[in-house]
2 protein chains.
Amino acid sequence: MTSCQQCVVRNRAICSSLSAPELEVLNKIGRRVPVHRGQTLMWEGDDSLLVANVIDGVLKLSTSTADGREQIVGVVYPSDFIGRPFGSTTQHSVTALCDAQVCLFTRSAFDDFARTHPELEHKLLQRTLTELDRARHWMLLLGRKSAGERVATFLLEMAQRLADASCSGGDAVERFELPLTRQQMADLLGLTIETVSRQLTRLRQAGIIDLPDRRTVVILDHEAMEAEAGNG
Amino acid sequence: MTSCQQCVVRNRAICSSLSAPELEVLNKIGRRVPVHRGQTLMWEGDDSLLVANVIDGVLKLSTSTADGREQIVGVVYPSDFIGRPFGSTTQHSVTALCDAQVCLFTRSAFDDFARTHPELEHKLLQRTLTELDRARHWMLLLGRKSAGERVATFLLEMAQRLADASCSGGDAVERFELPLTRQQMADLLGLTIETVSRQLTRLRQAGIIDLPDRRTVVILDHEAMEAEAGNG
DNA sequence: CAGCATCATTGACATGGGTCAACGCTCTGG
DNA sequence: CCAGAGCGTTGACCCATGTCAATGATGCTG
């Protein structure tokens, strides 16, 4: 059995609040599960039966209108928490953007454990508050920013979050791999795939970014990107 | 001194988790404060020094771009919690939409109290999870819905939330007073004031709603409204 | 290596909603 | 009762972005 003690996200996930013996108990109720690219772990509207910690990989949270228009409402990385504890239904689908690993719990077992471990709940609260701030910040982008600003903002944020996730000391990396297709970028930004593509082309032709291949982005002029994003 | 025991939101706010003696202690660190219409209680980007429970009235949470475009990212009602506990900065401004009353705490005092009262933190966690679901749901509206759908969705949600807040047993009321001006509706829906006005006129001319005066809305055909909102 | 599926780019065109401007209603204070 | 301010409505016009369609890359499979 894989032990929590050796878990790569041990010190960043909400589990970091737990002592060795507590971790032992948590270890018994959770199991490590691989999730393949494109696989959906939870569906919008389902009963909330599972929650999980992301160990490795990137997943999207999404909702759709009745007629099939999709909006990505969050992107989660290793050490992030997914699912809806203390609630009866899951409000959005969770789908792997690349092959991933999660540490899965039944909601009932997790809820029980959390209720008896205030430190864990506190970590979860902090994480949820941060996610709420992030979601609300994204609402400004969706409600008020132009297509050009959206794409630039997205690229800057992606650079930042991938830098945070790696160990590069917090500086945004200027070269990175997108974990999203163009369609997924469009679904995240509230645009169409064509508009995303045109904005990327525009930024490339302006010499602000480079796109060596369709998954790679190089930010050539960070200052110009900030201006494009409407910061400042 | 006004006692928590007599507070109108006593049974709905996060304080409902507390026993009489605990409430006694909380009573000492909080104070009831009136907030006038238009008054801003916290500013985006400020150090997070205050948190509060809403006792009476309606307030908006908002963010802006550098060049002044505004987006309302949340609307809070009696018993809701405002401010950013366990964090150093407030990510959005909080402004009263009508004269209101809040129960104000310094963040440090509240944080200390919360850390030693897991039941309170649990309530706060539940509330925050619900707010996060709500914010993400709104992202679908901002990213993917048409102007007509946005206005209809807003009116239905407002009817629902005002019904929840009053004691009408949970049924949406078909007649209600808007706590928002047209500009504020536009800021919430990611539209302009003209578009909001035109969509309201359209719904009125279609016989789906009535607008007896500029603050009052009457939903005449609830089914048609659901269709307008894109809830197939 | 050929054939096919998937993903991305580009162009031409259409349109929803933004912009600008005029006007109307309502309330307040003198 | 009038003047002015604030808020809302309506109309004309325009442009950013969506829509539709063709083409180009990339990579997988047999």
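Which exposed residues does the face of H6(A) turned away from its buried side carry? I looked, and found A:Arg198 and A:Gln205 there (exposed is over 50% relative accessible area, buried under 20%, 1.4 Å probe, protein chains only).

Ground rules first. I am working on a predicted model, where local features need pLDDT of at least 70 and side-chain atom pairs count only at pLDDT 80 or more, while totals for chains, interfaces and linings use all residues. Residues are numbered from 1 along each chain, chains are lettered from A, and side-chain values use heavy atoms, without hydrogens and water.

**Helix H6(A)**

I checked the buried residues of H6(A): A:Val196, A:Gln199, A:Leu200 and A:Leu203. They sit on the same side of H6(A) because their arc around the axis is only 100 degrees (taken from the directions from the helix axis to the C-beta atoms). After H6(A) I came to A:Gly207, which has a positive phi near 75 degrees.

**Chain A against chain B**

I looked up the contacts (heavy atoms within 4.5 Å): 46 residues of chain A touch 46 of chain B. The buried area is about 4300 Å², with 59% from carbon and sulfur atoms (accessible area, 1.4 Å probe, that two parts lose on being put together, summed over both). A:Arg136, A:Met139 and A:Arg144 supply 19% of what chain A buries against chain B, more than any other three residues.

I noted one joining A:Glu131 to B:Arg136, 3.0 Å from N to O.

Technical notes: Helix = DSSP H or I, 4+ residues; strand = E, 2+ residues; numbered from the N terminus. Salt bridge = Lys/Arg side-chain N within 4 Å of Asp/Glu carboxyl O.
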